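Please examine the chain shown below.

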Amino acid sequence: MSVSNGKKKYRGYLTWTDDMDQALLDVLVEHHNNGDHTANGWKAHVYSAAVRNVQEKCNVDITKDHVMSRCKTFDKHCNVLGRILAHDGFEWDQDRNKLVIHNEDAWIRYIEKNKAAACYQHKVIKNWDAISLIFSRDHAATSEDVSAGAENGQEVAMKVAEDVRDPTPSSPSTSGPSIQYRPEAPMLIQSNKQGRVKRFRTKDALFCMSGDIKNSFHISMKSNETQEEPKSACPKEIFAALQAIPNLARDDLLRAYCILTNSDRKFECLMALPMDMRKDWLLMEIGKK
């Protein structure tokens, strides 16, 4: 770190303070609401505005790379915490800026399959309302959601192959010469159009076996297909609905946004109410009434 023109100038690693975070997030929230946050990232002028605001308010000389690195950190926090809060038994404490765990058993099960989330049990994340507003995403699918379709299909296929490979030999006839049974080359017969008996060779048996395995595998996979879930409301739709509520304070809007982006059911309840009742209902949800 060096000092130039009275400003602290950072090269390489930068430790962000609470004031620097606040100055950065103020700019990002404003431009997010203006539609400058696209699927490919922020538009170029947003980085310039963020760097300028942090420099002016915190008297530090930072670069676009510092801003991009901090945004990656915010995005990681939002991704991990968003997945946690999508499960029952977990809640965010707005006053202490920490995760609240109501169900210890559920938490133990969760971190067994999501080890990267363990450090968030006691981690303090300030400005969560702004972070969740900017970087929130859908978390319908979690890392522990595993489909058993492929496993079931493989088990069926292996069972079919085993049945064909190890058929039960028939009892030898007492009236004629005995025929030696060879498991590796099953003796199958079929009548052709001329009425003659055709003997199935090994390659014919293997061809039939592969067809049975393929059909059984497809049937098993189809039976394990999950039904398509209803489409969740997008963050922009939720934010627009909150902006339409008259006299809703900025802090209340952000708290309500955090709740509704983690619960499609609550957003449906909000939209079912007449406009003059929505503000009162939201204040009850965030604990102000």
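Predicted model: local features only at pLDDT ≥ 70, side-chain atom pairs only at ≥ 80, totals over all residues.

Residues are numbered from 1 along each chain as its sequence is written, and side-chain values use heavy atoms, with hydrogens and water left out.

The chain contains 11 helices and nine strands; helices (H or I, at least four residues) and strands (E, at least two) are DSSP runs, numbered from the N terminus. Of its 289 residues, 34% count as buried, where buried means under 20% relative accessible area with a 1.4 Å probe, protein chains only. Among contacts (heavy atoms within 4.5 Å) with a separation of 6 or more, 60% join residues 24 or more positions apart.

The largest nonpolar core has 59 residues. Such a core is a set of buried Ala, Val, Leu, Ile, Met, Phe, Trp, Tyr and Cys residues joined through side-chain atoms within 4.5 Å. Leu28, Ile84, Trp128 and Leu242 are among the residues with the most contacts inside this core, and helix α3 gives the most to it, with eight residues.

Two packed helices are described by the angle between their axes and the distance between the axes. Here axes are lines fitted to C-alpha atoms, for helices over the stretch in contact, and angles run from 0 to 180 degrees between N-to-C directions. The axes of α1 (residues 18-33) and α3 (residues 64-85) come within 12 Å and cross at roughly 85 degrees. The two helices are therefore roughly perpendicular, a term covering 65 to 115 degrees. Asp21, Leu24, Leu25 and Leu28 of α1 meet Val67, Arg70, Cys71 and Phe74 of α3.

Helix α3 also packs against α5 (residues 128-135): their axes come within 9 Å and cross at roughly 90 degrees, so α3 and α5 are again roughly perpendicular to each other. On the α5 side, Trp128, Ile131, Ser132 and Phe135 take part, and the α3 residues include Cys71, Phe74 and Leu85.

Not counting residues up to four places away in sequence, Phe135 touches Leu28, Cys71, Phe74, Asp75 and Cys78. Phe135 and Lys72 are 63 residues apart in sequence, and their C-alpha atoms are 9.7 Å apart in space.

How values were computed: Parallel < 35°, antiparallel > 145°, perpendicular 65-115°, else oblique. Buried < 20%, exposed > 50% of the residue type's maximum accessible area, 1.4 Å probe, protein only.
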